[in-house]
Amino acid sequence: MKPLNRRPGLKVLVALGVLLALPAWSQTWPARPIKLIVPQAAGSGNDVLARTLAEQLGKGLGQSVVVENRPGANGSVAASYTVGQPADGYTLFLAGVSNLAWNPYLYQRLSYNPARDFAGVAVFANTQFVTLASPTLQVRSFAELVKKAKEAPGQISYASAGIGNSTHLSMELVAERSGMKLQHVPFNGAGATTSLMAGDTPVMTTVPGGITELVRTGKLVALAVTGDKRMDAFPNVPTFKELGYDVAVPGWYSIVAKTGTPPAIVQRLNTEINKAIQTPEVRERLAAQTLEPISAPASEVERLVQRDAAAWGPFIKKLDIAQ
């Protein structure tokens, strides 16, 4: 009989080496509640979405995920706070395209550097955009809007949720591609929709979450949507592509962590987030906000940031709106 070989195999040694190389706290992570920083106010659509995701993510991790709202400066307040925390996986940031790809072009003295300060964790949802009109404008199609705008250049105003916000940049792209000259009127958050409904600023391009019922009841008129296909919420509203316009607006939602967060923790988070968005609770909430669920590796965040920074950076510079 051959003597037992008590020397550990190569795989065992490698695994042991990896464990020993990791800090002790990362081997027991998560050992306390995790914070999910949201750059919008409590009660907003993103806040509701974050709380739904946090609940399911917490179940998968076996630890509470607590939502903390830090609105302001187009997400810069929340981003800066996240960067100021340890890179230990206990502080996450719910970030969109504006926070990671657009803000470097919008702010001359940005308090964080997305490429340097953040590591992608997961992309979990995407939204289309819809161009709307107030019934007071008396247009029933996008073609009618273009015709009326060209007859009175600069006389029709549009609302946005703030300079550099996605509702601002998307409408500017719509105007450029269709040859319209519109007057921009920025608001602070929800005031834009109120002004749109009143007809004071009778045009707006925005995400459909929160306005589907207003369109259904005739309080707003949906003229066209972005994306490759019509939306289930607006089956009779054509896409810009159908109308012959190249209007592509990114609307992805992601989770990121501070650069330096251990890869094993990032991978664990990515796995659990992808599981969470497959649950009925999260999918129902996504559907209610007309969001499309996405499952992707952590590297997808960096790919989308690079893509949309390259595509939109020159356009933002052309608008000359840097602050």
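Predicted model: local features only at pLDDT ≥ 70, side-chain atom pairs only at ≥ 80, totals over all residues.

Which residues have the most contacts inside the largest nonpolar core? I looked, and they are Phe142 and Met180, in a core of 51 residues. By nonpolar core I mean a set of buried Ala, Val, Leu, Ile, Met, Phe, Trp, Tyr and Cys residues joined through side-chain atoms within 4.5 Å. Buried means under 20% relative accessible area, exposed over 50%, and partly exposed in between, with a 1.4 Å probe and protein chains only. Helix H13 gives the most to this core, with 7 residues.

Residues are numbered from 1 along each chain as its sequence is written, and side-chain values use heavy atoms, with hydrogens and water left out.

Entry: I listed the neighbours of Phe142, leaving aside residues up to four places away in sequence. Phe142 touches Thr131, Val174, Ser178, Met180, Leu223, Ala224, Phe240, Leu243 and Tyr245; contact here means heavy atoms within 4.5 Å. I also found a second, separate core of 32 residues, which includes Val38, Leu92, Ile273 and Ala276.

**Entry: the sheet.** I followed 6 strands forming an open sheet, in the order S2-S1-S3-S10-S4-S11, with mixed pairing. Helices (H or I, at least four residues) and strands (E, at least two) are DSSP runs numbered from the N terminus, and two strands pair if DSSP finds at least two bridges between them. At the edges I found S2 (65-69) and S11 (291-293), each pairing on one side only. Neighbouring strands of this sheet are turned by 30 degrees against each other on average, direction ignored. For the angles, axes are lines fitted to C-alpha atoms, for helices over the stretch in contact, and values run from 0 to 180 degrees between N-to-C directions.

I then zoomed in on S4 (residues 118-127) and S10 (residues 252-258), which run antiparallel and are joined by 7 bridges. Asn126 has Trp252 in S10 as its bridge partner. Helix H13 (residues 299-319) packs on the sheet, touching S4 and S10, and its direction makes about 115 degrees with that of S10. Helix H3 (residues 45-61) lies across S1, S2, S3, S4, S10 and S11, running at about 160 degrees to S2.

**Entry: S6 and S7.** I checked S6 (residues 157-160) and S7 (residues 183-186), which run parallel and are joined by 4 bridges. Tyr158 stands opposite His184 in S7. From S6 the chain crosses through helix H8 (residues 166-178) to S7, in a right-handed β-α-β crossover. Right-handed means that, with the strands pointing away from the viewer, the path from the first strand over the helix to the second runs clockwise.

I stopped at Ser170, which sits in H8. Is Ser170 buried or exposed? Ser170 is buried, at a relative accessible area of 0%, and it touches Phe129, Thr205 and Val249, again not counting residues up to four places away in sequence.

**Entry: H5 against H13.** The axes of H5 (residues 97-106) and H13 come within 8 Å and cross at roughly 35 degrees. On the H5 side, the contact residues include Trp102 and Tyr105, and on the H13 side they include Trp312 and Ile316.

Entry: Most residues other than glycine have a negative phi, and most peptide bonds are trans. I therefore marked the exceptions, in keeping with that general rule. The bond from Trp29 to Pro30 is cis, with omega near -5 degrees, and Pro30 is in the loop between H2 (24-27) and S1. Thr290 has a positive phi near 50 degrees; it lies in the loop between H12 (280-288) and S11 and is buried at 18%. Asp320 has a positive phi of about 55 degrees, is found in the segment after H13, and counts as exposed at 66% relative accessibility.

**Entry: Gly89.** Gly89 is in the loop between H4 (76-83) and S3, and is buried with a relative accessible area of 3%. Its C-alpha atom is separated by 9.4 Å from that of Gly260, 171 residues apart along the chain.
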